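Please look through the sequence and the model below before reading the points.

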Amino acid sequence: MILDALLDAAIDTVKLIPFLFITYLIMEALERKTSGHTTSLMSRVGRFGPIVGALVGIVPQCGFSAAASSLYAGGLISIGSLLSVFLSTSDEMLPIFISEQVAAPTILRILISKAVLGMLSGLLVDFLLRFTKYRSKTEKHVRDLCEEEHCGYEEEEGSVLHSALVHTLHIVLFVFLITVALTIAVESLGEERVAGFLTGKPVIGTFLAALFGLIPNCASSVLITQLYLDGMLGAGQMMAGLLVGAGVGLLVLFRTNDRHPKENVKVALLLYCIGVFWGLLIELLGITF
């Protein structure tokens, strides 16, 4: 079990390296170009950042959720844009659907539903937060991340590549260690026991599926998808679990935005509540895919 956990964690974290490295390169370059002033990547599309985030999140690769967390920690995207990526991210869902030869129209309906729900949720969150104190909160900067990790930001020559590499290695190591621990924990619990908690309970099962989906590990999306295909989970339960299943996005958020732990908890709670809301609504309306 330990060897399998190490191998799975290594494969998952290696996949993150190009996403994180490119993300930090962009962040470092923007920070230097603007002389330390916060520049929003999503500002170029105005208040429609969550739309871009949801579309990007559709791609079956949790590296985008990790990249979004880093961008948010650096103050480059809004919380609505971050949530839209998290909600839209499919992690291991799409590969499993394809391997199980699920009908293409069904797969498209689920992917489009996740993207649309991510867009709507992100846009609404950003709109509502405009009327709260969050609007005037302290801005984050890439420089803040560098000061914390001593990534060589102060150096003039070659420091962009150096600091981006340091950031990437720090995050990859952190994600690897936590992923190993989570994989062992989930495997120890057993799929049958988890399935027993989730199945046959339309309402409570939706809350539990979303809670299980919060686990920042591909095992959660794999199990939820498989239980849905086996007819043991309803569409609402499946959607609740997969909407909150942001891959390692939450792990990266708690690591890169560790100066604001309460904010991270609020993001996670908001993600959970949104997933449960849409899941319950789908169950109530009897929607199927």
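1. This is a predicted model.

2. Leu271 belongs to the largest nonpolar core, which has 48 residues. Leu82, Ile110, Tyr228, Leu271 and Phe289 are the residues with the most contacts inside this core. Helix H14 (residues 261-285) gives the most to the core, with eight residues. Apart from this core lies another, of nine residues, including Leu16, Leu20, Ala66 and Val175.

3. How are helices H6 and H12 placed relative to each other? H6 covers residues 104-129 and H12 covers residues 235-244; they pack at an angle of about 60°, and their axes are 11 Å apart. An angle from 65 to 115 degrees would count as roughly perpendicular and one under 35 as roughly parallel; H6 and H12 are therefore oblique to each other. H6 passes H12 in a right-handed crossing.

4. Which residues make the contact between H6 and H12? From H6 come Ile110, Ser113, Lys114 and Leu117, and from H12 come Met238, Met239, Leu242 and Leu243. Six of the contact residues are nonpolar, one is polar and one is charged. On the spacing of such residues, a general point applies: an α-helix has 3.6 residues a turn, so residues three or four places apart point the same way.

5. H12 is mostly covered, with ten of its ten residues buried. Among the buried residues of H12 are Met238, Met239, Leu242 and Leu243, which also take part in the contact with H6.

Notes:
Residues numbered from 1 in each chain as written. Predicted model: local features only at pLDDT ≥ 70, side-chain atom pairs only at ≥ 80, totals over all residues. Heavy atoms only, no water. Axes fitted to C-alpha atoms, helices over the stretch in contact; angles between N-to-C directions. Helix = DSSP H or I, 4+ residues; strand = E, 2+ residues; numbered from the N terminus. Parallel < 35°, antiparallel > 145°, perpendicular 65-115°, else oblique. Left-handed = near helix turned anticlockwise from the far one by under 90°. Contact = heavy atoms within 4.5 Å. Nonpolar A, V, L, I, M, F, W, Y, C, P; charged D, E, K, R; others polar. Core = buried A, V, L, I, M, F, W, Y, C linked by side-chain atoms within 4.5 Å. Buried < 20%, exposed > 50% of the residue type's maximum accessible area, 1.4 Å probe, protein only.
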